[in-house]
Amino acid sequence: AGKTPVPTRQSSYSELVNPSGLPVDVMVSHFWGHPFAGTMKALRGYVETSSSEMTFWICLFAINQHDAADEVGNSPEDGPFNAAVAKARVGMVTIIDDNLEPFKRIWCLFELQRAFDLQKDYQI
């Protein structure tokens, strides 16, 4: 396994390990309160239905958490969540739990609406 580079500036984890960026295959919409292990289990299951490797956009890793407010921007349309949905080559997946928490969150509903507006493939 490779060693994580030492940061030379405050950035997102994604920028640290992939400074040139990567094309996004799937934008992941989720509820922050969902256990991370459950999110990873769901994504592994999603990948098993595919015939190729995938690059997932997950806000925890893609957003610069050192300056999240600036990174998110002034409007949802100008923010990274919208860009991730728009650029996702395969589509979007929502990770759900027993309480369907993502469907109670305005950001998740925005992402879902954008996926439909952009005619992206959508999976739960």
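Trainee: How much of the protein is buried?
Mentor: Buried residues make up 37% of the 124 residues in the protein, where buried means under 20% relative accessible area, exposed over 50%, and partly exposed in between, with a 1.4 Å probe and protein chains only. This is a predicted model, in which local features need pLDDT of at least 70 and side-chain atom pairs count only at pLDDT 80 or more, while totals for chains, interfaces and linings use all residues. Residues are numbered from 1 along each chain as its sequence is written, and side-chain values use heavy atoms, with hydrogens and water left out.

Trainee: How many residues are in the largest nonpolar core, and which have the most contacts inside it?
Mentor: That core has 15 residues, and those with the most contacts inside it are M27, W57, C59, I63, F81, V85 and M92; a nonpolar core here is a set of buried Ala, Val, Leu, Ile, Met, Phe, Trp, Tyr and Cys residues joined through side-chain atoms within 4.5 Å.

Trainee: And which element gives the largest share?
Mentor: α5 does, with three residues. Helices (H or I, at least four residues) and strands (E, at least two) are DSSP runs, numbered from the N terminus.

Trainee: So what is buried in α5, and what covers it?
Mentor: The buried residues of α5 are P80, F81, N82, A84 and V85, and their cover includes β1, β2 (56-57), α3, α4 (68-72), β3 (91-94) and α6.

Trainee: Back to M92, what does it touch?
Mentor: Leaving aside residues up to four places away in sequence, M92 touches V26, M27, S29, V85, E111, L112, A115, D121, Y122 and Q123, with contact meaning heavy atoms within 4.5 Å. V26 also belongs to a second, separate core of eight residues, which includes Y46, M54 and V93 as well.

Trainee: What are the dimensions of the box its C-alpha atoms fill?
Mentor: Taken along the principal axes, that box is roughly 40 × 35 × 25 Å.
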